[in-house]
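Subject: Handing over a structure

Hello,

I am passing a structure on to you, and I hope you enjoy looking through it. Please open it first, and then read my notes alongside.

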Amino acid sequence: MPFVITDPCIGTKDTACVDVCPVDCIHPRKEEPEFQSATMLYIHPEECIDCGACVPACPVSAIYDSLESTPNSQKDLIEANFVYRSSDPENREAAEDIVKRHIETHADLMALPPSERMAAH
Ligand code: SF4
Ligand code: SF4
């Protein structure tokens with residue numbers, strides 16, 4: 001059951017989770033060319049080993065520990081995490097399109113600072 005990154009990562013994207021992930025399943029990394037343009041980071045659902053290390057590392061509580069625990073307001077971003085692949089431009093674009101739609105359709109959440117969004121999920 002993979003962990004899921006949600007919208008407090010948008011505007012934060014500090015890669016604290018990347019630094020603690022033991023299997024390098026969170027992308028894009030800072031050194032990947034896609035990093036600058038990525039709106040948020042994504043967890044590869046098949047590579048995540050559910051260790052939980054990323055959750056306390058995230059300064060804005062953006063990471064949920066399962067699909068079930070991901071709140072309704074963030075369910076669309078499950079798909080973004082599932083389709084993102086650093087090596088595939090089409091998959092990157094598909095994930096980013098989902099995130100752009102999320103931003104457009106969740107203006108209330110996006111108006112909050114990232115550190116306050118999780119409490120409003
Ligand atoms: S739960 Fe563990 S393996 Fe999965 S993304 Fe977080 S740190 Fe990486
Ligand atoms: S630690 Fe949280 S805010 Fe930072 S990149 Fe990871 S998910 Fe995004």
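Below is what was found, going from the whole chain down to single residues.

Please keep in mind that this is a predicted model.

**The chain as a whole**

The protein chain contains 6 helices and 4 strands. Going along the sequence, their order is β-α-β-β-α-β-α-α-α-α. A box of roughly 35 × 30 × 25 Å along the principal axes holds the C-alpha atoms of the protein chain. Does the radius of gyration agree or disagree with that of a compact globule? It agrees, because a compact globule of 121 residues would have a radius of gyration near 14 Å and the protein chain has 13 Å.

Buried residues make up 33% of the 121 in the protein chain. If you take the contacts with a separation of 6 or more, 71% of them are between residues 24 or more positions apart.

**The nonpolar core**

The largest nonpolar core has 25 residues, and the members that touch the most others are Ile5 and Ile63. At least two residues of this core come from each of strand S1 (4-5), strand S3 (42-43), strand S4 (63-64), helix H3 (75-83) and helix H4 (89-105). H4 gives the largest share, with 3 residues.

Apart from neighbours within four places in sequence, Ile5 is in contact with Met40, Leu41, Tyr42, Ile43, Ala62, Ile63 and Asn81. Asn81 is also one of the buried residues of H3, along with Leu77, Ala80 and Phe82. Those buried residues of H3 pack against S1, S3 and H4.

From the H4 side, have a look at Ile98, which lies in that helix. Ile98 counts as buried because 20 other C-beta atoms lie within 10 Å. Beyond residues up to four places away in sequence, Ile98 touches Asp76, Leu77, Glu79 and Ala80. Ile98 and Ala80 are 18 residues apart along the chain, and their C-alpha atoms are separated by 6.0 Å.

**The two ligands**

Which residues come nearest to ligand 1? Among the 14 residues around ligand 1, they are Cys21, Cys48, Cys51, Ala53 and Cys54. By class, the shell around ligand 1 has 12 nonpolar, 1 polar and 1 charged residues.

Ligand 2 is surrounded by 14 residues, of which Cys9, Thr12, Ala16, Cys17 and Cys58 are the closest. The shell around ligand 2 divides into 10 nonpolar, 2 polar and 2 charged residues.

**Around helix H2**

Ala57 sits in helix H2. Ala57 counts as partly exposed because it has 16 C-beta neighbours inside 10 Å. Leaving out neighbours within four places in sequence, the contacts of Ala57 are Ala16, Cys17 and Val20.

Glu46 is in the loop between S3 and helix H2 (54-57).

**Backbone details in the loops**

Most residues other than glycine have a negative phi, and most peptide bonds are trans.

Lys13, in the loop between S1 and helix H1 (16-20), has a positive phi of about 45° although it is not a glycine. Lys13 counts as buried because of its 20 C-beta neighbours inside 10 Å.

Ser61, in the loop between H2 and S4, also has a positive phi, near 55°. With 16 C-beta neighbours inside 10 Å, Ser61 is partly exposed.

Which residues does a cis peptide bond join? They are His27 and Pro28, with omega about -5°. Pro28 lies in the loop between strand S2 (26-27) and S3.

Happy exploring, and best wishes

Key: Residues are numbered from 1 along each chain as its sequence is written. Chains are lettered from A and ligands numbered from 1 in the order in which they are written. This is a predicted model: local features need pLDDT of at least 70, side-chain atom pairs count only at pLDDT 80 or more; totals for chains, interfaces and linings use all residues. A nonpolar core is a set of buried Ala, Val, Leu, Ile, Met, Phe, Trp, Tyr and Cys residues joined through C-beta atoms within 7 Å. A residue is buried if 20 or more other C-beta atoms lie within 10 Å of its own, exposed if 12 or fewer, and partly exposed in between; C-beta atoms are placed from the backbone. Two residues are in contact if their C-beta atoms, placed from the backbone, lie within 7 Å. A residue is near a molecule or strand if its C-beta atom, placed from the backbone, lies within 6 Å of it. Ala, Val, Leu, Ile, Met, Phe, Trp, Tyr, Cys and Pro count as nonpolar, Asp, Glu, Lys and Arg as charged, and the others, Gly among them, as polar. The radius of gyration is taken over C-alpha atoms; the globule rule is 2.2 Å times the number of residues to the power 0.38.
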